[in-house]
Amino acid sequence: MGVDENFLYLHNQDKARHPLAVSRHALCDLSNVSPVVFLYLLKECYVYGTCKATAKFRVLQQQAYGFLYNDPQPGAAIFVAHCLYVLPIFESHCEGFSHLIISALRHFLKVGNGMNGIYKAKLLAAKLFLAIVDGTLHHEERVLVKILEVFDVSLSNIEKAMYDADEKGHTCQTAKVLVEQYISRLVDSQSYMTAVSLLEHFSIRESGESFLLRMLESKEYRAAEKWATFMGRPILCTLVREYVNRKLQKHAFDVIRQNNLREEFPEIYRQYKESKLKKLAEKGCWDVAEARIYDDRQLLEYLVYLAMEAGYMEKVEELCERYSLEGFINVKELEESIPTHRYLQLDELSIKEVVWVDEMNSLLDATCDIEECKVVGVDCEWKPNYEKGSPPNKVLVG
């Protein structure tokens, strides 16, 4: 596969400053190009690019996948493994280019390519893991996890890499101890997500609920949920209860919904949904609320009650008819049953009952009448104040 116009766009067009022809030739045929030279040319393409950093990286990311078709020796997977050994010498470009070539290899292997030398590549990746763990080679933790995933490194691969012996006959116990020790170091440094990723990758399930509580105390909720999902329903249920105890209802609801735990926690699920419905109802978003629960009869009934409380009788009638909700009082009967005697009606007022206080004697009479009343309504007016933080104006008199 050749280099297309996107690749050319990366480069400065001044040929005196950058020997574009040389890099184009080298990357079109990797059969005699070493990993060091390959990475150097990638770096030069990036450094001399004419577009912004993000755009340059995206173009290189697309091209790196194509480069793996250009016959790297002794095979794409082994070639990328050797590149990962070399990359730390490129310092500031190390992490970005590591993600770039790993994602390229992932895509390359996904479509069924690169099986040539894959077993040797696994062992190289296992040795790379050991070098990173003992500190002789530096790669970011996220890169380490991606190396294990894309090369599908197992404990048996690590065991063989540790002793450089035939894989058969080993029990993987030494490799497992080493991995668990490294995970323990990650936990001590609060690198919980990386620790969880390694536990999941190597299928290590010895950690208990104390590990979950430790992540929650550090507010590492994503890591806690990832680990609980890997461990299964008992730990997931513990996570939900811990979220509820910490008043993290949304987190609890998300775990219940994503892991189908509604039967285990029906009340928590219902309470959260009802709280969301109530907020939508208060905003008048009845259609949005209905769309979210159209298949849940219990919550639909709750929405009807909210509509009744809001006096939105048309919505009550509409919901009852649409979803065949029975057991609710007829809307017209409900309106008729509202006790009108609790309110003073306009037609009940008589002008004769209005008393104007315009002299001292009438004021004294009014005061005596008011003193006998349990509830008195006073109509007050005052000038509004729109300046934030300032004291309110006084009530107007006269």
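Modeller: Let us begin with contact, which means heavy atoms within 4.5 Å. This is a predicted model, in which local features need pLDDT of at least 70 and side-chain atom pairs count only at pLDDT 80 or more, while totals for chains, interfaces and linings use all residues. Residues are numbered from 1 along each chain as its sequence is written, and side-chain values use heavy atoms, with hydrogens and water left out.

Colleague: Which residues does phenylalanine 211 touch, once residues up to four places away in sequence are not counted?

Modeller: They are Val187, Tyr192, Val196, Leu199 and Trp227. Phenylalanine 211 itself is in helix H12, residues 209-217; a helix here is a DSSP run of H or I with at least four residues, a strand is a run of E with at least two, and both are numbered from the N terminus. The C-alpha atom of phenylalanine 211 is separated by 8.7 Å from that of alanine 224, 13 residues along the chain.

Colleague: Why does phenylalanine 211 count as buried?

Modeller: Buried means under 20% relative accessible area, exposed means over 50%, and partly exposed is in between, with a 1.4 Å probe and protein chains only. Phenylalanine 211 has 8% relative accessibility, so it counts as buried. Serine 362 has a relative accessible area of 13% and is therefore buried as well. Serine 362 belongs to helix H21, residues 360-371, and is in contact with Trp356 and Val357, leaving aside neighbours within four places in sequence.

Colleague: What makes serine 203 exposed?

Modeller: Serine 203 has a relative accessible area of 53%, so it is exposed. Serine 203 lies in the loop between H11 and H12, and has a positive phi of about 55 degrees although it is not a glycine. Asparagine 260 is likewise called exposed because its relative accessible area is 59%. Asparagine 260 sits in the loop between H15 and helix H16 (266-282), with phi near 55 degrees, a positive value in a residue other than glycine.

Colleague: Which residues of helix H13 are buried, and what covers them?

Modeller: In H13 (residues 221-231), the buried residues are Tyr221, Ala223, Ala224, Trp227, Ala228, Phe230 and Met231. Their cover includes H11, H12, helix H14 (233-245) and helix H15 (249-258). After H13 comes glycine 232, with a positive phi near 115 degrees.

Colleague: What makes a group of residues a nonpolar core?

Modeller: The term denotes a set of buried Ala, Val, Leu, Ile, Met, Phe, Trp, Tyr and Cys residues joined through side-chain atoms within 4.5 Å. The largest such core has 96 residues, and Phe38, Phe151 and Trp227 have the most contacts inside it. H7 gives the largest share of this core, 10 residues. Domain 1 (22-153) and domain 2 (171-264) both give residues to this core, so it lies between them; the domain bounds come from an automatic or database domain assignment. Apart from this core lies another, of 18 residues, including Leu280, Ala289, Ala307 and Leu319.

Colleague: How do you know that the model contains a cavity of 30 Å³ or more?

Modeller: On a 1 Å grid over the protein atoms alone, a cavity is a set of points where a 1.4 Å probe fits but cannot get out; a pocket is an open set with protein on both sides within 12 Å along at least five of seven lines, and lining residues have an atom within 4 Å of a point. Grid points are joined across faces, edges and corners, and a volume is the space filled by probe spheres set on the points. By this rule the count is 1 cavity of 30 Å³ or more, and the largest cavity has a volume of about 30 Å³. Its lining consists of Phe38, Ala64, Leu68, Val80, Cys83, Ile101 and Ala104.

Colleague: Why are 7 residues of that lining called nonpolar?

Modeller: Ala, Val, Leu, Ile, Met, Phe, Trp, Tyr, Cys and Pro count as nonpolar, Asp, Glu, Lys and Arg as charged, and the others, Gly among them, as polar. Under this scheme the lining of the largest cavity has 7 nonpolar residues, no polar and no charged.

Colleague: How much space lies in the largest pocket, and which residues are the closest to its centre?

Modeller: About 330 Å³ lies in the largest pocket. Of its 13 lining residues, Val357, Ala366, Ile370, Val376 and Gly377 are the closest to the centre. The lining of the largest pocket divides into 8 nonpolar, 2 polar and 3 charged residues.
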